[in-house]
Every structure is written in C-alpha cells, then in structure tokens.
Amino acid sequence: MEVQGVSEWLVCLCVLAGAGAAWPLYPVVIRIFRPWAERRGTSFHQTHVQPVPRAGGVVLALLFLVAGVVSQIWLPVHPDRIAENWGMLAVALAMFGLGFWDDLRPLGARKKLLGQILISLAACFLVGRIELLRNPLTGEVLSLGLWGIPLTVLWLVAFTNLVNLIDGLDGLAGGLSLMLMALLAYVGFHLGAVFPTATAAVLVGGLIAFLRFNFPPARIYLGDGGAYFLGFLTGLLAMRLSHKGTVAAALVAPLFALALPIIDTTLAILRRGLKGLPLFRPDRQHIHHKLLGEGLNQRQTVLVLYGFSLLALLMAFGVFWVGERSAPLFLGVLALVVILAASRFQFAREWFALGRFLGATLEVRKAARYALALCQWFELEAERAACTDGLWNEFGFLLGKLGYTRVEMHGPDGQVRTWQRNGPPEADLRRAVFRLPHQGGIELRFEAPASMPERVFDLQNELAAEAWSKALEKLAARAPSPAPAVTSPAPSSPRRLRDPHVVG
C-alpha cells in the first residue's frame, strides 16, 4: 500500500532502522553519563534509589537529526515543506538542548520556562502556527489572526511539559512517548506527509530500544532533554499534520493519547494551588505514587498505566478515523473510565471530596506557608551543621514548631534517633511512617495530636521528610565520609544529645 508517496515498507524500514541504530548506542551513553548521574545523586521525589543517567534523549535527538536530514535529501518531500522541515529540526533540537543543559546543570524553573517560550515563539515563524479553530460540534471555523501566536506558544509549552511531568516512574514516559509517536506516524502515513512520517517512525524504533534499558529497573532515563524534546516534537507534528493549522482530527487525537499526563498535571496544579504550594514544586502525590502506595510494585504500576494509556490511544485513533465531531463522545467515555479506575484503586475519595477539601483549604494553605518557611530555614542551617547530632537537634526545633508530639528516625543499620516534646503524653495521636529509600532506607515515624487536621498532618509529614532528606544530602556533600545517620554502626547504648527534647 502507498499513500501519496509514503509506502508501508518505508515506514517499517524507518522503525527497524531506528531500533537497530539506537540499541547498541544506549549502553555507550549509559557508560559515558553514569559519572554525571553519580555526582547529581538522587532526588527525594524520585522512585529509584540509585543514580540513573538522564541521557536517554541524546540518542533520540541524534536519531531525529539523522532521519530529518536523510528524509530531506533522499525522500520525496514536497518542495513547499522543505523550509518548514529544516525549521522543525532546528527548534526541536534547541528544545532538547535546553532540557539537556538542565540535566547536566540545573537551571531553575523560571529559566526553563522562559527558554521554552522563546523556542516556541521561534517555532511560530520557522514552522508555522495555529491559524484557525474549528468547533467540533458545529463545524464552524474561526480565524485567529495574530492570536494564533500566543495560542501556538501555549500549545507547544504545554506539550513540552506534559511528557516531562509524567517521567517519574521507570518505563512510563518512554512507553507513553512510544504510543504518541506511533499515532503520529500512522496519521502522517495516511495524510502522505513524508517528513513527519519518517521522523516519527524512526523515533518509534528508537523508543522501542530505549524501553529495553528504561523498563523497571531502569538503567537510563529520558531526562529533561529527552522529555522536552519528545513533548515539543509531539506538539509540532500535531500542528503540522493538521489541515492548514485547523484544530481537526489530526490535532485533537494526540490530546486523547496524552490523557494520562493531562489528568495528572491538572490534579497536581489543583492540589498544589489549594494547598498554597508553588505550582512547579514536585511532590509525591502523582497518580503513580498513589498506585505504589496501594501496594503495587513499579512493574505492576507501569503496566496499569500502560493499560489506561493504550485505551486512550485507541480513542485517539477513533477520533482520527471518525472525525473530530466524535471527540465529545470519546471524552465522555474516557471520563467514565477515569472515575471507575479511581474508585477501583481506593483514592477516588481524595479526588471527589471537593467540598470537604475546599472547606479546609485556608487552614492547609496557612500550614503550608509556615512549614515551607521553617523547612527553608532548616535547609540553610544544614549548611552550617558540623555533624548529624547537631543537625538532629535543629530538626527537633522544626518538629516542635510544627506541633509534633514525637518523631523517630530509624536508620538502615538499626540506629534510632528520637525527638519528643516535653510534657504529659497525648491520649489520642495521629501516626504515620515516611520512608526515604534514596537515603539508604531511613524511616521517619511521625506522631502528632489527633486535634491536628489530617490534611495538615499529611502535608507537614512530606515537607518535614523532604527537608530532612535535603539536609542529609548537604551534610554528606561537605563531609569526607557519609553521614553517620545513614552509615555508622548502632551504638551499644542510647546516646544523650544536648537538646533536652531529643532522646538518643
């Protein structure tokens, strides 16, 4: 079969070429970038406990560059599209460069967002912009004029971050990106778009090879470079495959395929906004964290999310086959699936108890601001602490201010440190255990009066645990040997510290 110069054999050859070229490259990239990963260490919000290179995007960007140049030179690309294709190559690689720079040396959220906006603005002039909007119900078309520029920038920046925000679990972002590129290669094939089809098909092969090394337990991650690149390229190709910039089926379909990160990101923004936390601040409340908390392991969690994403992908194909007028129907079906899935995994109550949540919002926001200020102070104190004993004393001050009754830290070697408030013991207590796997398996066991609201208790537990984790990292970075709290042998008897609130 051949569609306007694009044959099935060409698509299959591109997939095989991408997989064959990428497969032997990933072990080389892993060896090269492992020292960078060890210097960067692990993050409190990540699910892996050992440093993993964040350089998977290097191979994918190289494949895209080679595929783009080859298709421009040897494949029957339409002459009117040549300039746009070169522009797409330039801006997609620029977005990869921005993310990869952050992988090697963190830039900060504001600088990254500014870079994404500038690159997306350049794409408006080098590749094209969304010029028309069509109502999927009535078919009415609206010309955007200059408003198409900010809409295009918003579209591309959103896609850039969607893949990155879901990259918190081994194999998840890679599998979702594979589905997206397969969808775009399919759409490009049926529209006879040579350049988008060839590049998307090559990336399908590259992502198949990537998953070989990214599936749990992962040996390499996409990193910000790979996630930015794939998300941005998805937005670009969706625009390119739409009819003259109209939001038609080719533009709507990828939104269905991205249902998982869209839902997860929307919930994250609402959750952080209602709690008074910075919108770009990471947390451990994403959908995959919830599933892990339900007792699933990493493989089971990623397979469950694959299943949902495959269903969303089938709906994306349905939108393309039937047309954009079917989008509301598929959207309703998808919403029903989300509600049923949330009920099945026992965390629907947190999503749908909106009235109760809004009622406690003001109290939670005040607690969040106070806890964040204390945690920032404690992290600064960590830069001055001489040893873990002194650091634990300062941590006890933070715990007292946050209203805890008792907190225990259990190290992987059996050592226990205890902070306890002076005064008579409380009769009714809230209790929780927070584990820090990237700190050698440390457990923090929190106790607070039952009068402390549950949402405030849960929020403070996470913020305090994160502050302690970051403080240990800063202490270890300055010390010639690992922090005693993690590696020292258990003492024969409890050691009394100077703070009267702290018990050995």
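**Helix contact, α3 and α9**

I looked up which residues of α3 and α9 meet in this predicted model. On the α3 side I noted G57, L60, A61 and F64. Facing them in α9 are G226, F229, L230 and L233. I then sorted the contact of α3 with α9 by class: 6 residues are nonpolar, 2 are polar and none is charged.

Next I took the axes. Helix α3 spans residues 56-74 and helix α9 spans residues 223-241. Their axes come within 8 Å and cross at roughly 40 degrees.

**Cavity search**

I searched the whole structure for cavities of 30 Å³ or more and found 1. I put down a volume of about 50 Å³ for the largest cavity. It is lined by 10 residues, and K275, L277, D283, L459 and E462 are the closest to its centre. By class, I logged 6 charged, 3 nonpolar and 1 polar residue in the lining of the largest cavity.

**Confidence**

I checked pLDDT last. The chain has a mean of 82, and 83% of its residues reach 70 or more. Among the elements, helix α8 (residues 194-214) has the highest mean pLDDT, 95. Strand β9 (residues 502-503) has the lowest, 38. I also marked residues 481-504, where pLDDT stays under 50. For that stretch the model has 48 contacts beyond four places in sequence.

Key. Residues numbered from 1 in each chain as written. Predicted model: local features only at pLDDT ≥ 70, side-chain atom pairs only at ≥ 80, totals over all residues. Heavy atoms only, no water. 1 Å grid on protein atoms, 1.4 Å probe; cavity = no way out; pocket = protein on both sides within 12 Å on 5 of 7 lines; lining within 4 Å. Points joined across faces, edges and corners; volume = space filled by probe spheres on them. Nonpolar A, V, L, I, M, F, W, Y, C, P; charged D, E, K, R; others polar. Axes fitted to C-alpha atoms, helices over the stretch in contact; angles between N-to-C directions. Helix = DSSP H or I, 4+ residues; strand = E, 2+ residues; numbered from the N terminus. Contact = heavy atoms within 4.5 Å. pLDDT = per-residue confidence, 0-100.
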